[in-house]
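Me: I have just been handed a protein chain that is new to me, and I would like to go through it slowly. Could we take it one question at a time?

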Amino acid sequence: MNKKRNLGLVALPILLALGLVGGIFIGKYITRRTLSVEEEKLRTVLRLIENEYVDQIDIDSLIESSLPQLLTSLDPHSAYIPSSELTAVNEDLQGSFSGVGVSFQVVSDSVRVVEVIAGGPAEKVGILPGDRIVSADGINLTGPEITSDSVFNNLRGAKGSKVQLQIKRSSSPKELQFDVIRGDIPVNSVDCSYLLSDDTGYLRVIKFSRNTYMEFFNALNDLKAAGAKKFVIDLRGNTGGFMDQAIYMANEFLPAGRMIVYTKGRRAANETMAISDGRGNFLDSEITVLTNEGSASASEIFAGAIQDNDRGLVIGRRTFGKGLVQNQTELPDSSALRLTVARYYTPSGRSIQKEYTRGDIGKYDLDIADRFSHGEFYNADSIKLDKSKIFTTSNGRTVYGGGGIMPDVFVPEDTTGYTSYYISVMNKGLIQKFAYSVADRYRVMLDGVNSLDRLLKVLPRDNTLLENFVSFAVKNGVPARWYYINQSRGLLLNQIKAMIARDVLGYPAFIRLLNEDDKAVKKALELLESGKSPVDIKIEKE
């Protein structure tokens, strides 16, 4: 039965020390107390600067510019959020924002509507995929200076506010004008779910916002209703968010009494433990979890809980290693402070956080680049395991600490088809531009196409599509080099079709086509079909 679950009625995992329920949790006030000698010293220094420094200084601006540096000296993830940025930051975590309801792409110095969100303000007034947004409230949105940030700033706004958009549409000789009333736009956490095979479902979770668990649970049930008994859960590139959402997700798969995650901090209020309650709907479903170096925080909590409890296989590459918990406190001027108050630990006792040196953020920021340079993306033997930090899973398998979650099955980054030609067209954005031009040219014919299979039948044959792209690239400054083009043929065609599918059918169709050539997805499907369990796996090399 495909039940939709209301969070307010869910029997959730047992949370000990409930003071910490989110990977980021919110404080409302700052405790007042007597100033220390050092704090009094700081006040004196600021007073001297304000009254006696040779140039007139705005003390508020001085403090504002100093706070980020102060917090950076503590750890890589404590941060100061100016009031001007706080709303946008919180909107991303809350899972919605107010805007016009379109996905767009800046292509050839213009803003092109890629997707119109169903039921959103833009759809209600008749804006269509393929439209070009010329201006918003008279502010020009064309030309080489236009950026995604500037478009966001003009399209987003307070709920109920009006924005006047000038639209250029290929079927109209004149520009069109639409008055759009901004409304709440959901930001989906699960941006793609479908059947990989008759009994295996795939779903991709791109963030952990307030709505993530409900989206995840509903997607699982929809796939189950369609016949799925096994699941591939893709957390690649998911940088995290609220911890409680990862806990609820893991609880769906774990029997009662299993550790999901715990935290340790200097204060008892920041020490927590999450234990599964055994009431999940998918306790018997086989699962695999896809990770890479972009999977962080809540993604690592979920992957670590599944791995340490030997509940499923983690496939892909080592995760980022972000295991610090931040408490967000709102300051009097509506800015906010995110201060690290605890560390995450997996059920086996591993700290998720990779090592860092206080004050040396540069080295920490270069960690992913260092992994790339010493070959970790391509060869499991290049991964630097800390053999001094050995832990065991519930069934006695060896896992290692030292930061991040090591996959059970390593799948290298796929560079098949990467040639100098492919890199040239990719760097110039020609694949996206060509795909958009094809979608634009065929838009009338494609109107009413509502499935990926039908779309692929309407498109030109592969040879014609590739030749047309090469001609397009020549006109845009990339000469035809067929030796390299033929080497990149599969990659180019897959990406061109995926981009066209995105423009015509939306983002889920884009992901589905890319997954057809995705080695990690293929490996996950292969292992699920083989019936191998975590206890059968050490670290495999693809």
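**A first walk through the chain**

Reply: The chain has 19 helices and 24 strands, and what is shown here is a predicted model.

Me: What percentage of the residues of the chain count as buried?

Reply: The chain exposes about 26,100 Å², of which carbon and sulfur atoms supply 50%. Among its contacts with a separation of 6 or more, 71% are between residues 24 or more positions apart. Of the 542 residues of the chain, the share that count as buried is 50%.

Me: Which helix is largely enclosed by the rest of the structure?

Reply: The buried residues in question are Met243, Asp244, Gln245, Ala246, Ile247, Tyr248, Met249, Ala250 and Asn251. They make up 9 of the 9 residues of their helix, so the helix that is largely enclosed by the rest of the structure is H7.

Me: How many aromatic pairs does a search of the whole structure find, and what is the angle between the planes of Tyr213 and Phe217?

Reply: A search of the whole structure finds 19 aromatic pairs. One of them joins Tyr213 and Phe217, whose rings are 5.9 Å apart centre to centre and form a tilted pair, with an angle between the planes of 35°.

Me: Where do Tyr213 and Phe217 lie, and are they buried or exposed?

Reply: Tyr213 and Phe217 both lie in helix H6, residues 212-225, and they are 4 residues apart, about one turn of the helix. In an α-helix there are 3.6 residues a turn, so residues three or four places apart point the same way. Tyr213 has a relative accessible area of 1%, and because Phe217 also has 1% relative accessibility, under the 20% limit, the word for both is buried.

Me: Why does the pair of Phe216 and Phe253 tie together parts of the chain, and what kind of pair is it?

Reply: Phe216 lies in helix H6 whereas Phe253 lies in the loop between helix H7 and strand S15, so the pair ties together parts that are 37 residues apart in sequence. Phe216 is buried at 0% relative accessibility, and Phe253 is buried at 0% relative accessibility. Their ring centres are 6.1 Å apart and their planes stand at 70°, so the pair is edge-to-face.

Me: Which residues form one aromatic cluster?

Reply: The two pairs discussed above, Tyr213 with Phe217 and Phe216 with Phe253, belong to this group. The cluster consists of Tyr213, Phe216, Phe217, Phe231, Tyr248, Phe253, Phe282 and Phe302.

Me: Which residue has its charged end over the ring of Phe242, and which lies over the face of Phe320?

Reply: Over the ring of Phe242, 3.8 Å from its centre, sits the charged end of Arg210. Over the face of Phe320, at 3.6 Å from the ring centre, lies Lys354.

Me: Is Asp310 buried or exposed, and what is its phi?

Reply: Asp310 lies in the loop between helix H8 and strand S18. Its relative accessible area is 10%, so Asp310 is buried. Although Asp310 is a residue other than glycine, its phi is positive, near 50°.

Note on methods:
Residues are numbered from 1 along each chain as its sequence is written. This is a predicted model: local features need pLDDT of at least 70, side-chain atom pairs count only at pLDDT 80 or more; totals for chains, interfaces and linings use all residues. Side-chain values use heavy atoms; hydrogens and water are left out. Rings of Phe, Tyr and Trp (its six-membered ring) pair if their centres lie within 6.5 Å; planes under 30 degrees apart count as stacked, over 60 as edge-to-face and the rest as tilted. Helices (H or I, at least four residues) and strands (E, at least two) are DSSP runs, numbered from the N terminus. Buried means under 20% relative accessible area, exposed over 50%, partly exposed in between (1.4 Å probe, protein chains only). A charge sits over a ring if NZ of Lys or CZ of Arg is within 6 Å of the ring centre and within 35 degrees of the ring normal. Contact means heavy atoms within 4.5 Å. Accessible areas come from the Shrake-Rupley method with a 1.4 Å probe; for residues, only the protein chains shown count as cover.
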